[in-house]
Amino acid sequence: IPIMNYGLINLRGSDYNAANVQSAQTAMYKIFSIAAIRAVIKYSWTARGNGTLNEEYLAECWAYWRSASGYISTVNKATVQEIDALLDWSLTSIPATTPCEIKTKVESMYKALGISCAMVGVWNDAPAGSCLASPCSDTSNTNTLLAGSTTYVDMCKVAASEPMSSTAWHGAPAFTAITAAAVAAACDFV
């Protein structure tokens, strides 16, 4: 939320600042990338189903990955296409090596995406001893995430007298869904 607030503060009113809006936009792309990467790591394993393809998890893996793979492809289109091929819906099985291949491929893009191993974290429920349980190392990576702002723009608050059915609330369900998806992805990683 602080990153969105920062973007909003710099977008609305007389304090418009294009550079700060761009910083907030880039930070949001990073957050969506992190959520998609966490999901593709986790669900590539669960889709494998201990050797028996779980199509539901493959679809979930594919959908989460695709939520940000378009942006991620701006830093390395070929690697994104390789991951897309590993998640092809026509698969009848997922080789045991696929989740580790995917993890290695996404990690290779962290620096260019402006994110780090620490931001992505390690999957809490990763099988012990697997590559998925091993933290990546990018000690030379100094990427950071914008802190944002906790200041709110008054013109965006709904007046106490305004009904919940007003136009000010129409974007709330979509925003809530996006935020919930990002938080859910964060819960499985440390």
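This is a predicted model: local features need pLDDT of at least 70, side-chain atom pairs count only at pLDDT 80 or more; totals for chains, interfaces and linings use all residues.
**Entry 1: N50**

I looked up the backbone of N50 and got a positive phi of about 55 degrees, although N50 is not a glycine. For context, most residues other than glycine have a negative phi. Buried or exposed, I asked of N50 next? N50 has a relative accessible area of 69%, so I noted it as exposed, the cut-off being over 50%.

**Entry 2: the whole chain**

I then stepped back to the whole protein. I counted eight helices and zero strands, and from the N terminus on the elements run α-α-α-α-α-α-α-α. Of the 190 residues, 34% are buried. I also looked at contacts with a separation of 6 or more, and residues 24 or more positions apart account for 72% of them.

**Entry 3: helix 1 on helix 2**

Two packed helices are described by the angle between their axes and the distance between the axes. For helix 1 (residues 2-11) and helix 2 (residues 18-48) I wrote down an angle of about 155 degrees and axes 8 Å apart. Helix 1 and helix 2 are therefore roughly antiparallel to each other, and helix 1 passes helix 2 in a left-handed crossing.

Which residues of helix 1 and helix 2 meet? From helix 1 I listed I3, M4, Y6, G7, N10 and L11, and from helix 2 their partners N20, V21, A24, A27, M28 and I31. I sorted this contact by class and got nine nonpolar residues, three polar and no charged.

I checked burial in helix 1 as well. Its buried residues are I3, N5, Y6, G7 and N10, and the buried residues of helix 1 pack against helix 2.

**Entry 4: helix 2 on helix 3**

I turned to the other pair. The axes of helix 2 and helix 3 come within 8 Å and cross at roughly 155 degrees. That makes helix 2 roughly antiparallel to helix 3. Helix 2 passes helix 3 in a left-handed crossing.

The contact is made by a list of residues on each side. On helix 2 I noted Y29, F32, S33, A36, I37, A39, V40, Y43, S44, T46 and A47. On helix 3 I noted Y57, L58, E60, C61, Y64, W65, S67, A68, Y71 and I72. By class, this contact of helix 2 with helix 3 has 16 nonpolar, four polar and one charged residues.

S33 lies in helix 2 and is buried, with a relative accessible area of 0%. Leaving out residues up to four places away in sequence, S33 touches A68, Y71, I72 and L113.

**Entry 5: the cores**

Which residues touch the most other members of the largest nonpolar core? I found I37, V40, W65 and V106, in a core of 32 residues. The elements that give two or more residues to this core are helix 2, helix 3 (55-72), helix 4 (77-86), helix 5 (98-107), helix 6 (110-113) and helix 7 (117-120). Helix 2 gives the most, with eight residues.

I took V106 as an example. Not counting residues up to four places away in sequence, V106 touches I37, V40, I41, W65 and I83. Apart from this core lies another, of five residues, among them I3, A24, A27 and M28.

**Entry 6: G114 and M119**

Last, I looked up two residues around helix 7. G114 lies in the loop between helix 6 and helix 7. At 9% relative accessibility, G114 counts as buried. Beyond four places in sequence, G114 touches K30, M119, N143 and T144. For G114 and K30, 84 residues apart along the chain, I noted a C-alpha separation of 6.9 Å.

M119 is found in helix 7 and is buried too, with a relative accessible area of 16%. Leaving aside neighbours within four places in sequence, M119 is in contact with I34, R38, G114, N143, T144 and L145. The C-alpha atoms of M119 and T144, 25 residues apart along the chain, are separated by 8.5 Å.

How values were computed. Residues are numbered from 1 along each chain as its sequence is written. Side-chain values use heavy atoms; hydrogens and water are left out. Axes are lines fitted to C-alpha atoms, for helices over the stretch in contact, and angles run from 0 to 180 degrees between N-to-C directions. Helices (H or I, at least four residues) and strands (E, at least two) are DSSP runs, numbered from the N terminus. Angles under 35 degrees count as roughly parallel, over 145 as roughly antiparallel, 65 to 115 as roughly perpendicular and the rest as oblique. A crossing is left-handed if the near helix is turned anticlockwise from the far one by less than a right angle, and right-handed if clockwise. Contact means heavy atoms within 4.5 Å. Ala, Val, Leu, Ile, Met, Phe, Trp, Tyr, Cys and Pro count as nonpolar, Asp, Glu, Lys and Arg as charged, and the others, Gly among them, as polar. A nonpolar core is a set of buried Ala, Val, Leu, Ile, Met, Phe, Trp, Tyr and Cys residues joined through side-chain atoms within 4.5 Å. Buried means under 20% relative accessible area, exposed over 50%, partly exposed in between (1.4 Å probe, protein chains only).
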